[in-house]
Each structure stands twice: as C-alpha cells, then as structure tokens.
Amino acid sequence: MKRVALKYCGGCDCTYDRLEYVEKIKKAAEGRIEWVKMDNGRFDTVLMIHGCPVACPEQNLDPGHPWRIISVIDDRVAPEEIIKILLE
Amino acid sequence: MKRIITKEDYVQSLKDQKVIIYYNGQPVKDRSTHPGFVPHINSAAKTYELALMPEYEDLMTAKSHLTGKTISRFTHIHQSVDDLIKKVQMLRLISHETASCYQRCVGFDALNALYMTTYEIDEKHGTSYFKRFEEYLKKIQEENFMLVGGMTDPKGDRSKRPSEQADPDLFTRVVEKREDGVVISGAKAHQTGAVNSHEIMILPTQAMGPGDEAYAIVAAIPLDAPGITMIFGRQTNEERKVEASLDAGNVDFGMVGGEALVVFENVFVPWERVFMCGEVDFCGTLVERFATLHRQNYGGCKGGIADIIVGASALAAQYQGTLNASHIKDKLVEMTHLAETVYSGSVACSALGSKTKSGAYYPDPLLANCTKHNITRHIYEISRLAHDVAGGILATLPFAQDLKNAQIGKYVDKYMKGISGVSTETRMKVLRLLENMTGGTALVESMHGAGSPQSQRVMYQRLGKLQEKMRMAKKLAKVKE
C-alpha cells in the first residue's frame with residue numbers, strides 16, 4: 001500500500017476547514033493509502049496541508065529533502081483529484 | 001515536578017501544588033475546581049492540548065536550542081526571525097480557540113528577556129547568571145510548567161523612586177541576603193494567570209539607579225513557597241462564572257486572564273533561582289526588553305480575539321436580519337481592517353527582529369510599541385462597532401434563567417427572537433459572547449496590559465529618531481540653522 005506522510009501547517013489563520021478537507025481526502029482514498037506522520041521515515045510522498053498560500057512548512061523544508069511534495073493551500077481541488085495525484 | 005504533557009496533567013499539577021489563594025474574602029481549598037478559576041484554567045490548558053495536535057504542532061512546539069528536544073513554544077528562546085513570527089501566529093491561533101487570554105505569554109516573554117539580559121550582565125559584571133538561567137530554562141523546557149511573568153509592583157506614590165517610598169514593600173525587594181539565598185518581601189500586582197500557575201519570575205518593574213539595589217531583583221519562585229499569598233482580582237460579571245449559564249458569554253474560557261495580587265512576606269529564594277541581584281544598571285534594559293517582547297504579542301492575541309468579535313457581530317446581525325444592510329457590512333469591513341492592522345504590527349515588528357549578543361532574537365522595539373499602542377485604541381473601536389452592529393439588546397437582554405422560567409420563558413422566547421430558523425437561545429448566546437468580549441475588564445486589559453499607553457509614548461520619544469527626521473527635513477528644505 002502507498003504510504004503518504006501527512007503534514008499540517010500551524011494553522012494560525014486558515015481560509016478553510018483543514019480537518020474536514022483531510023477527512024474527505026482520506027475517505028476518497030478508499031483504503032489505498034496508509035497515512036503516516038513525518039517522523040515515520042518510511043514514505044516517499046508528503047501531502048502538505050496549508051491553511052493559506054503562505055505555506056510555511058514548505059518554505060522551511062530542507063532543499064535537499066528526498067520526498068515528493070504535494071501541497072494543498074485551499075479546498076478547491078476535489079479530494080478524488082488529490083488521491084489520483086498521490087497514487088501516481 | 002512531573003512533566004506536564006496533557007490538559008489532565010496540567011489540572012492535576014494544579015491540584016497537587018498547595019498554594020494559598022483568597023477569592024472574595026475566602027481561602028480556596030482546591031484551585032483546580034474553583035468556578036472562579038476553571039475558565040482561566042481551561043484557557044491555559046488549551047496551550048497544552050493544541051501542542052499535541054498534528055494540525056497545530058508547527059506553531060505550538062519548537063526545538064530547544066539547548067537540548068534539541070521538542071518543547072512547548074511557550075518555553076522556547078527565539079532563535080530566528082521565523083521564531084518571532086511563529087510566536088505571533090501561535091497567539092492568533094490560540095485566541096481563535098479560546099476568545100480569551102491563555103496567560104502563558106507573560107512567562108514566555110520573561111524567559112526571553114532574561115536570556116538576553118543575563119548574558120549581558122555577566123559580560124559586564126563577571127557574574128554567572130546566564131549559566132544559572134540556562135539550567136532553569138532546561139528545567140522549564142523539560143517539565144513544561146506554567147510560569148507567571150511578575151513585573152508590576154504596586155508602586156505606591158508614583159512620584160517617588162523605590163527607595164524613597166514611605167512603605168519600602170511597595171516595590172518588591174530583597175530584605176536579607178544569606179549565604180544560601182535571599183529573602184524577598186513586597187507584592188506583584190495584576191498577575192495574569194497567577195492562580196493557575198506553578199511559579200513566578202519576579203522582575204524589576206522599572207529602570208532603577210544607585211540606592212535602589214535592593215529592588216533590582218530577578219528570581220524564580222514556586223508559588224507554594226512559604227510566605228506567598230495570592231488574592232484574586234474581581235472581574236466584570238464575576239458571578240456569572242459561578243452560574244456557568246449562557247449569561248457568562250464565554251462559558252468555557254471566561255474573560256481575559258484572571259489576574260491576582262501576589263504578596264511575598266519574607267519569602268526565601270535559593271541563589272540558584274536568582275538571576276539578578278543589585279545590578280541596577282541593567283534594570284532599564286531588562287524592563288524595555290520584556291515590554292517589547294510582550295507588546296509584540298498583542299496584534300497576535302488581540303487580533304485573534306478581534307476575529308471572534310467580528311464573527312460574533314456578523315452572527316448577531318444575521319440573527320436579527322440586518323447582515324445584508326450596507327451600513328452593517330461596512331462596519332464589519334472596518335472591524336476587519338482594524339483587526340488586520342493590529343496583526344500586521346505584530347508581524348512587522350517580528351519580521352524586523354534582530355539577533356542579540358546571547359544569540360536570542362528580539363523584535364523591533366519601536367514597531368512593537370506601536371503595535372501595543374494601536375491595541376489601546378483599535379480594540380475599543382472594534383468593540384464600539386460591535387455594540388453598534390449588535391444593538392441595544394446587548395445591554396438589556398433578560399437573564400438566561402428568564403428564558404427557562406415556566407411562567408415568563410414564553411415571553412422571552414417570543415420577544416427576543418430574531419429571524420425564523422434561529423432559536424432565541426442561540427441569539428442570546430451570541431449576544432452574551434459579544435458582551436463578554438467587548439466591555440468591562442476585557443477592554444481595560446487592552447488599555448493597560450503590557451503597559452499603559454503613556455509607557456509606549458515614552459518609548460516613541462526615545463526610539464522615534466526625531467533628530468534624524470529633523471535632519472532629513474532640513475536637507476529637503478535646504479536650510480542649515
């Protein structure tokens with residue numbers, strides 16, 4: 001099963017409900033993805049959930065990181081589309 | 001102390017530490033369950049709860065520069081401009097969750113001000129406060145206890161210096177120096193979160209000069225130390241906390257921080273907990289740094305609180321069918337403008353922060369003072385607009401008990417109702433929330449918390465570069481004299 005790390009920004013002033021959106025994404029995955037935290041080293045893709053376009057965690061990433069980063073800054077993309085990208 | 005991780009750990013730790021508190025003339029047996037304190041405990045507990053949630057950990061936690069461990073940001077020493085900005089973002093976030101004061105920023109700011117200043121005291125005087133302070137910092141980062149930043153002395157006759165007061169205890173002072181430590185007497189006023197904290201860091205309240213050495217004292221003191229008594233300050237609508245009905249407005253989190261007078265009567269403090277003792281030449285620097293770090297906060301915490309006031313005002317308008325009126329929309333826009341203005345001040349003073357000799361980062365002091373000064377005005381204006389939008393009902397709403405009353409409940413329900421589809425109780429809850437956040441103690445805190453407006457204006461005189469501005473004007477006017 002595909003392992004994807006889920007990383008949230010700090011959530012200071014979000015423009016949408018991040019948790020609700022992530023629940024929809026997880027539901028759309030239909031069990032095809034194992035969700036892990038970033039301190040679990042066994043993954044190659046990170047889904048970054050940002051509350052706004054500033055996307056703080058992405059800015060703070062080490063440029064030499066080995067992961068494929070999929071970044072979300074709002075809830076406008078259909079959850080099914082996010083899953084499709086993650087599974088590519 | 002056992003490391004505090006969860007809300008439950010925090011509440012249990014308050015129960016375990018036996019402190020002396022008086023509330024309305026009565027000693028408090030168990031502070032962890034006292035209705036006067038529970039809302040403030042809930043607010044502070046939120047800082048522990050959010051730190052454990054993946055969706056907030058980026059702001060709520062940091063990596064200790066001393067141990068490399070993940071710690072609460074409230075015990076962190078700012079290592080970069082990014083840390084300064086994250087502090088402000090964190091405060092706005094927690095305000096969104098509590099709509100009240102969560103109290104831990106004062107101790108946080110005391111830690112940072114002391115880190116910078118003890119380093120420089122040692123550099124000049126050859127003392128060893130910095131090393132001692134680092135050990136204390138490791139302890140608080142590990143145990144995650146709650147620290148009060150104890151700056152404000154009662155001050156008695158404001159026209160006189162500490163050593164000139166008729167009663168020498170009106171400024172907290174060292175009454176005896178012993179081989180193993182010092183003995184402290186005096187008091188600290190308006191101590192936010194004191195009744196639900198574990199320790200207090202006492203700091204000098206103002207710049208001092210020769211003759212004031214006994215008053216130049218910094219020390220970390222457990223609040224259960226013999227000789228400490230806390231007297232809780234009565235807030236606006238204090239009794240509504242006891243009722244715990246919708247009339248409280250913000251039932252879970254109360255109003256501002258819950259302040260207390262903390263009295264020290266011959267309290268012993270061992271030397272390892274003393275971080276300044278007699279160095280009057282650094283009192284001004286320490287006070288200025290603490291004030292700047294604390295004034296930096298206000299666009300974050302009050303900005304977040306203003307967001308809730310805007311939201312509650314819009315709901316109040318919606319429930320009475322006025323949300324689409326153009327003048328209401330315009331007032332909500334103005335409130336949003338003011339909220340974002342105060343927030344931008346906090347972000348700006350953080351973005352222009354700089355590195356001190358100790359390695360810790362420090363916000364721009366002029367911009368930080370401007371930020372707090374705007375709070376003394378804009379929160380009042382935001383509140384005024386909230387009152388305007390909500391209407392006079394904010395001041396004349398019947399009791400929650402009237403709504404429940406078998407005889408008259410039907411009248412309250414009938415005549416307090418707004419649009420269809422929204423219950424009278426819902427409307428009353430939102431109006432009470434607005435009332436709680438926009439009047440009385442909540443407003444006074446915006447005025448005087450982190451220093452009264454005049455203290456910020458004094459800083460403008462010092463930091464405003466007036467001579468440089470005159471020079472620039474002369475150059476453009478092509479005048480010389």
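## Helix α10 against α14 in chain B

In this predicted model, helix α10 (residues 365–390) of chain B packs on helix α14 (residues 424–438) of chain B. The angle is about 155°. The axes lie 10 Å apart. Angles over 145 degrees count as roughly antiparallel, and α10(B) and α14(B) are therefore roughly antiparallel to each other. The crossing of α10(B) past α14(B) is left-handed.

Which residues make the contact? From α10(B) come B:Ser383, B:Ala386, B:His387 and B:Ala390. From α14(B) come B:Leu431, B:Leu434 and B:Thr438. By class, the contact of α10(B) with α14(B) holds 4 nonpolar residues, 3 polar and no charged.

## Helix α10 against α16 in chain B

α10(B) also packs on helix α16 (residues 453–463) of chain B. Here the angle is about 150°, and the axes are 9 Å apart. That angle makes α10(B) roughly antiparallel to α16(B). α10(B) passes α16(B) in a left-handed crossing.

On the α10(B) side, the contact uses B:Pro365, B:Leu366, B:Asn369, B:Lys372, B:His373 and B:Thr376. On the α16(B) side, it uses B:Pro453, B:Gln456, B:Met459, B:Tyr460 and B:Leu463. The contact of α10(B) with α16(B) divides into 6 nonpolar, 4 polar and 1 charged residues.

## α10 and its two partners

α10(B) meets α14(B) through residues including B:Ser383 and B:Ala390. α10(B) meets α16(B) through others, among them B:Pro365 and B:Thr376. The crossing is left-handed with α14(B) and left-handed with α16(B).

Conventions: Residues are numbered from 1 along each chain as its sequence is written. Chains are lettered from A and ligands numbered from 1 in the order in which they are written. This is a predicted model: local features need pLDDT of at least 70, side-chain atom pairs count only at pLDDT 80 or more; totals for chains, interfaces and linings use all residues. Axes are lines fitted to C-alpha atoms, for helices over the stretch in contact, and angles run from 0 to 180 degrees between N-to-C directions. Helices (H or I, at least four residues) and strands (E, at least two) are DSSP runs, numbered from the N terminus. Angles under 35 degrees count as roughly parallel, over 145 as roughly antiparallel, 65 to 115 as roughly perpendicular and the rest as oblique. A crossing is left-handed if the near helix is turned anticlockwise from the far one by less than a right angle, and right-handed if clockwise. Two residues are in contact if their C-beta atoms, placed from the backbone, lie within 7 Å. Ala, Val, Leu, Ile, Met, Phe, Trp, Tyr, Cys and Pro count as nonpolar, Asp, Glu, Lys and Arg as charged, and the others, Gly among them, as polar.
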